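Please keep the structure in view while reading.

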Amino acid sequence: MERKNSGKKKKRIPVILAFTAVAAAVFWLRPSKEQEEIVPEYVFSYAENQAQDYPTTLGAIKFAEMVEERTEGRIRILVYAEGVKGAEGEVIRQMKFGGIDFARVSLSQLAEYIPEMNVLQMPYLYTDSEHMWRVLDGEIGVSFLSLADEYGLVGLSWYDAGARNFYTADRPVTCLEDIEGMRIRVQESEMMADMVEALGAKAVKLGYADVYSGIERGLVDGAENNWPSYESMKHHEVAKYFTVDEHTRVPEMQICSEKTWEKLSEEDRNIILECARESALYERELWKAQEDASKHTAILRGAEVIELSAEEKKRFQTAVQGVYEKYCGGQMDIIDRIIAEGGVK
Ligand code: GCU
């Protein structure tokens, strides 16, 4: 009997030791407070249709980082770039129902749901980038951000997308007669289609992701966009003639779904607004540099630049006047105010 008891004791000691060692290891190896994974209160999605290294995507990433930092990890925003959340029109529609929380979209797509927005993207409206920014940074810009609520959205800030120009595959556009009868891809926007048709071309609405193949397969003779998009989407490979006419400046809006907004406290809303504005200033800086870099790269890769003469540009401008009557009928006072801003330096 005695023997058996002592045998049991011998086994118990190593078991207790091992137990203590494991407990100590668990205690010492546990993550410190800083190392502990912070579990966010909210994880939100952000849709962006440009490439990872594009200015608007970098602006979105900056926005997400700032929000996470300033809410001490309570709000995490996951940026889905390269259009994985769908085409812009579809993204806007999903946001109305809270399916996507945040996005950066082209105003032309937003104007399909809120037609008054067209006023800010009318052809040949701004004389240059500074003119557009005076308008967007002023009272008009603020009031149009709040107009987003007509479609269940919150307008957070304005992003830059430069000026749009025509580019074509087989022949250059040097004058109004050249574009006549050409099939030109436009965004899925009534106003853009009408503008192109007013110039005598045939408008073909296509999603952004389908433009390259559309030109390559001869579905369209050309398209129109800014330098960074032309280069980033490699459109220069299939449409080398780039005609600088700067027919539109289409600003972009950072938006939040009202369904998401409603979940947030006043404090979090203010943080988000502040980060959106700061990220917009950051994007604008990146944009300036990217416009030059993309132009340079596209030319190196074979793009041919055609500058329209002032006289020819005037003919383009005159040709689209009817579009103002159709889209800005009740808002000509705003158009006048925007034009007046052009003279302020
Ligand atoms: C620009 C804009 C995009 C838009 C695209 C288009 O690149 O930034 O948001 O989708 O134009 O032409 O469709």
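## Helix packing and the main pocket

The model is a predicted one, in which local features need pLDDT of at least 70 and side-chain atom pairs count only at pLDDT 80 or more, while totals for chains, interfaces and linings use all residues. Residues are numbered from 1 along each chain as its sequence is written, and side-chain values use heavy atoms, with hydrogens and water left out.

Helices (H or I, at least four residues) and strands (E, at least two) are DSSP runs numbered from the N terminus. Axes are lines fitted to C-alpha atoms, for helices over the stretch in contact, and angles run from 0 to 180 degrees between N-to-C directions.

| Helix pair | Angle | Axis distance |
|---|---|---|
| H2 (residues 55-70) and H12 (residues 266-300) | about 150 degrees | 8 Å apart |
| H6 (residues 139-146) and H15 (residues 332-342) | roughly 140 degrees | within 11 Å |
| H5 (residues 129-137) and H15 | about 130 degrees | 9 Å apart |

In their contact (heavy atoms within 4.5 Å), His-131, Arg-134 and Val-135 of H5 meet Ile-338, Ile-339, Glu-341 and Gly-342 of H15. These residues comprise 3 nonpolar, 2 polar and 2 charged, where Ala, Val, Leu, Ile, Met, Phe, Trp, Tyr, Cys and Pro count as nonpolar, Asp, Glu, Lys and Arg as charged, and the others, Gly among them, as polar.

On H6, Glu-139, Ile-140 and Phe-144 meet Ile-334, Arg-337 and Ile-338 of H15, a contact of 4 nonpolar, no polar and 2 charged residues.

H2 passes H12 in a right-handed crossing. Among the residues that make this contact are Phe-63 and Met-66 of H2 and Tyr-282 and Trp-287 of H12, and the contact divides into 12 nonpolar, 4 polar and 5 charged residues.

The largest pocket has a volume of about 400 Å³. A pocket is an open set of points on a 1 Å grid over the protein atoms alone where a 1.4 Å probe fits, with protein on both sides within 12 Å along at least five of seven lines, and lining residues have an atom within 4 Å of a point. Grid points are joined across faces, edges and corners, and the volume is the space filled by probe spheres set on the points. The lining has 9 nonpolar, 12 polar and 7 charged residues.

Key
Left-handed = near helix turned anticlockwise from the far one by under 90°.
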